[in-house]
Amino acid sequence: MSQIPRTSCAAGVSRRHLLGATALLGSSAAMASTALTARPAAAAVVLGQAVAMGPLRIGGIVSGRHQGLFRSFSLTSTTGVGAITVGGTRYLVSFNAGEGTDTVQVFHADTGQLYFRGSTPGPVEGNWVHDGKGNLYFTSGRSLMVASITGREVRQFGTAAAGLTTLYDLQTDHRGRIWAGTFPDGVLLCLDPATGRELTRTPALGNGNTYARGLTLSPDRRTLWAATGTEDPDLFRIDVDAPGVVTRVGIPDRGTNYVIQRVLARGRKVFVWHRNKAGSSIVSVHDSVSGVWEAPPVTFSGSSISPADGNGWIYVNSWGNVRRIKVTEPTMRSELVGSVPIRTTASVDLVGSTVYLVTTETPTLAAARISTTGTVSSTVSYQVVPVPLATQSMVIDAESNAAYAGGYRGDGLCSTNLATGEFAHSAPGAEIEQIEGMAIDGRTLFVGSYPKAVVVTHSLAKGVQDPSAFATRAHLSDSHQQSRIFAWASAQSHVVFGTVPEYGLRGGALGTYERATSKVTVYNKLIPELSIVGLTAEGHTVYGGTSVRGGMGSTDWSGDAVVFAADARTGALSWKRTLPGTKELYGPVLLNGKLYVATLDTVVELRVSDGAPLRTFVLGNRTGRAAWQSVELAVIPGTTRLAHLAWGTLTILSTAIGRYSRVLTGTDRHLDFDGAGNLWVTTGTDIVKLRTDNAHQDGSPYAPPASSPFVDVTPSTGFYKEMSWMAEAGISGGWNTSQGKVYRPGLAVSRDVMAAFLYRLAGSPPYTPPASSPFVDVTPSTGFYKEMSWMAEAGISGGWNTSQGKVYRPGLAVSRDVMAAFLYRLAGSPPYTPPASSPFVDVTPSTGFYKEMSWMAEAGISGGWNTSQGKVYRPGLAVSRDVMAAFLYRLAATTL
């Protein structure tokens, strides 16, 4: 998620607080709270002590926005592009991996000119199929779509049955019916092309499979071939007119626990791209007449071959050499046609007598052209329209204030300057596809690219458009059967990452990158059966959170999630602890000597030494299947607050006082902080800057009333907003008089009243005062006895030791230096090193409570007064009630 500090606790309290954020792009828009969309759940799992929760009473305001954090032209897959002919005109059809805008783009195949573009309800899935009449059938989620080439329109014509989340690889049979693969039912559907109504479906293909895809039809369009995954990947044969019978063909030397994604029937041959038992990717060819399996006569650079021509030849790209293969005879034979300037292809198509070899190697989409007799024509570049993709990962470089983003089904790395909006997309050749997670360590960006769990480093100083700025450090797919890298952390000598395994498998890995040597070491299945989805580090120790969700298509681990600590130098576990009832644990983060992990609806505080649960903060009741990226948890700089982002809802939690507020809904999955400490959150394809203010009872940002709640305070009175907030927040109600309620703003705050103020600000936590007073000058019948006893037990005020015993002096006015100490302690005594040079001319480093007064200035709670001699604090001055209101308002807004 973020730039990773060498230690996860803040080295000092920063001025980078959320209240100080200002509008960047246009007017601010308050974000109202909305109901959660997750289904109702049983009571949240509580580990350790349940914290009595209350409202934090802050609200969120969007004060800036950048649109299209990741913009590109990225194909949905190699099945999402191809050349066709309609009415004698040749077109190149491409499906973009965007969120719906301009996902369908059609070009004139021989000129590259854009013919038309259309949008869809959401991302496009899998392939498209052409009915030969200018209609392209495809899916977007459960929506059944058709694009008319002649009509230049895209429309929805049906919806798949409930329970199916994805339809794949459409085909049209000899009757014009549409066939589709499915997830997660692992069956094939037959659909009416006019209405999208389901006509029939096959039984489940294989044993325990969730995927049925890779559909292809025989040349007569009567026999359907389909592949499966993940538990039982194989090839199956179905008669489209008798779909109740499914015949397993049986791939020799087939691997397990993965998804076969590509099958193509050509002539009497069926080509299958799959893994063998050794885990290597190979192509096997089945003869549909003899049943014999064989290897292709040439190697393919890509997973596409052309349709057969009238003489039974198909055309393939073999690393720049175009060859043709006879597929209508028992034994395949190959002949060289000619050479083209494109080594790898996304699609090979035959239109008339021209072979189109489409590539995405160039900055845009291009096609080499060669005739079936070997005549090479010029390469065509297509005028693609980049579109925004959903943000899959995001991190902010605090030094340059640039946000780096990876897109869902993306093709690289994008950067956006948060001050200027300047945008850039990485150069080709970076070996980055969909980025699952990334982090900044010094001036190096670490990237985890999917598929194949590729570790890539990027030099931030060079910029994303410099190809030399990228270096590939490791591929973990073949060597360790790992697929995705979501979690990152920075330890003292290593950058550490956690992984999710390949399709159908369980058990992630902990990986390390040693800075001094650039050596990558992988500790495979460090926590057996579990994926590692969250990391943080301090010194040489790395702390991790896990999920019971394995690789795609695998069954979830039946046990519970684990939190652990390990040595980044050796991979040796220091401790691991199962947290009963939890299925996914995110974060973790370190704050004030405690370790925090998050679930969908809780934050759990753990002991750092062994992971023992101490307290649980319950934020709601939400449930869902465990995943890999459901929650993001982060420490808000300079505070004891945590930002908890789950299922589109951003919640701010004060760990010091057990209060929380939901400040933004409709978000995505990522948050981070810029160099000024401003909070940025992704929302679909955009990123917004969020300002949090103290709020009304209903959670909306706080604005003082037009009519004062006190007769001795007017809207023009200094600190009117803060005093009104004190009344609305229930911290101070003033006094009732015959003239009305008064606040008495100039009255000095006594120590007993101050105890009441701080107790209420802390949320009035459940507390039973002792029968015997901790102070000799305070009795159980003294006003505010409970609050003063709480001050002692909470470690905020211990009073004075005298010969008679410990005294509190409840009627004594609170001075500004002592008040600084009280507020610092209430904030949890955050790690802070005061400056060598005092921020105030009347305070020196040897002054009592120097650290606390310097912290007040650094945290933006008290700036003192400007004088001709310099800024003064006046430590011995009594704190008046109006100034106290300002202190508490700022503390609540920025620190607690």
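Visitor: Is Asp-241 buried or exposed, or something in between?

Guide: This is a predicted model. Buried means under 20% relative accessible area, and exposed means over 50%. Asp-241 has a relative accessible area of 34%, so Asp-241 is partly exposed.

Visitor: Which residue does Asp-241 meet in a salt bridge?

Guide: Look for a side-chain nitrogen of Lys or Arg within 4 Å of a carboxyl oxygen of Asp or Glu. Here the side chains of Asp-241 and Arg-222 meet at 3.8 Å, N to O. The pair links distant parts of the chain, 19 residues apart. Asp-241 is in the loop between strand 20 (235-239) and strand 21 (246-248). Arg-222 is in the loop between strand 18 and strand 19 (223-229). Arg-222 counts as partly exposed because its relative accessibility is 41%.

Visitor: Which residues share partners with this pair in one network?

Guide: Salt bridges join Asp-173, Arg-175, Arg-177, Arg-222 and Asp-241 into one network. One of its links is Asp-173 to Arg-177, with the closest N and O atoms 2.8 Å apart. Asp-173 is buried, at 0% relative accessible area. Arg-177 is buried too, at 15%.

Visitor: How many salt bridges does the whole structure hold?

Guide: A search finds 33. Another of interest is Arg-213 with Asp-169, at 3.8 Å, N to O. Arg-213 lies in strand 18 (residues 211-217) and Asp-169 in strand 14 (residues 166-172), so the pair ties together parts that are 44 residues apart in sequence. Both residues are buried.

Visitor: What does the side chain of Arg-268 contact?

Guide: A polar contact of 2.9 Å joins the side chains of Arg-268 and Asp-287. Arg-268 sits in the loop between strand 22 (262-266) and strand 23 (269-275). Its relative accessibility is 17%, so Arg-268 counts as buried. Beyond four places in sequence, its contacts include His-286, Ser-288, Val-327 and Pro-330.

Visitor: Now sheets. How do strands pair?

Guide: Strands of a sheet pair through backbone hydrogen bonds, either parallel or antiparallel. In this model, 5 strands form an open sheet in the order 2-53-52-51-50, with mixed pairing. The edge strands are strand 2 (49-50) and strand 50 (586-591), each pairing on one side only. Strand 50 runs antiparallel to strand 51 (residues 594-598), and 4 bridges join them. Tyr-586 stands opposite Ala-598 in strand 51.

Visitor: Which strands form a hairpin with 5 residues between them?

Guide: Strand 54 and strand 55 do. They run antiparallel and are joined by 5 bridges. Ala-634 stands opposite Ala-643 in strand 55. In the turn, Gly-638 has a positive phi of about 75°. Strand 54 (residues 631-635) is mostly covered, with 4 of its 5 residues buried.

Visitor: How many residues of helix 5 are buried?

Guide: In helix 5 (residues 816-826), 10 of 11 residues are buried. Among them are Val-818, Met-819, Phe-822 and Leu-826. The cover includes helix 3 (751-761), helix 4 (785-793), helix 6 (850-858), strand 65 (865-867) and helix 7 (881-894). Gly-828 follows helix 5, and its phi is positive, near 95°.

Visitor: Where is Pro-709?

Guide: Pro-709 is in the loop between strand 60 (686-694) and helix 2 (720-728). At 31% relative accessibility, Pro-709 counts as partly exposed. Leaving out residues up to four places away in sequence, Pro-709 touches Tyr-720, Ser-724, Ala-727 and Lys-741. Pro-709 and Ala-180 are 66 Å apart, C-alpha to C-alpha, and 529 residues apart in sequence.

Key. Residues numbered from 1 in each chain as written. Predicted model: local features only at pLDDT ≥ 70, side-chain atom pairs only at ≥ 80, totals over all residues. Heavy atoms only, no water. Buried < 20%, exposed > 50% of the residue type's maximum accessible area, 1.4 Å probe, protein only. Helix = DSSP H or I, 4+ residues; strand = E, 2+ residues; numbered from the N terminus. Pairing = 2+ DSSP bridges. Polar contact = N/O pair within 3.5 Å; in protein donor to acceptor, adjacent residues only side chain to side chain. Contact = heavy atoms within 4.5 Å.
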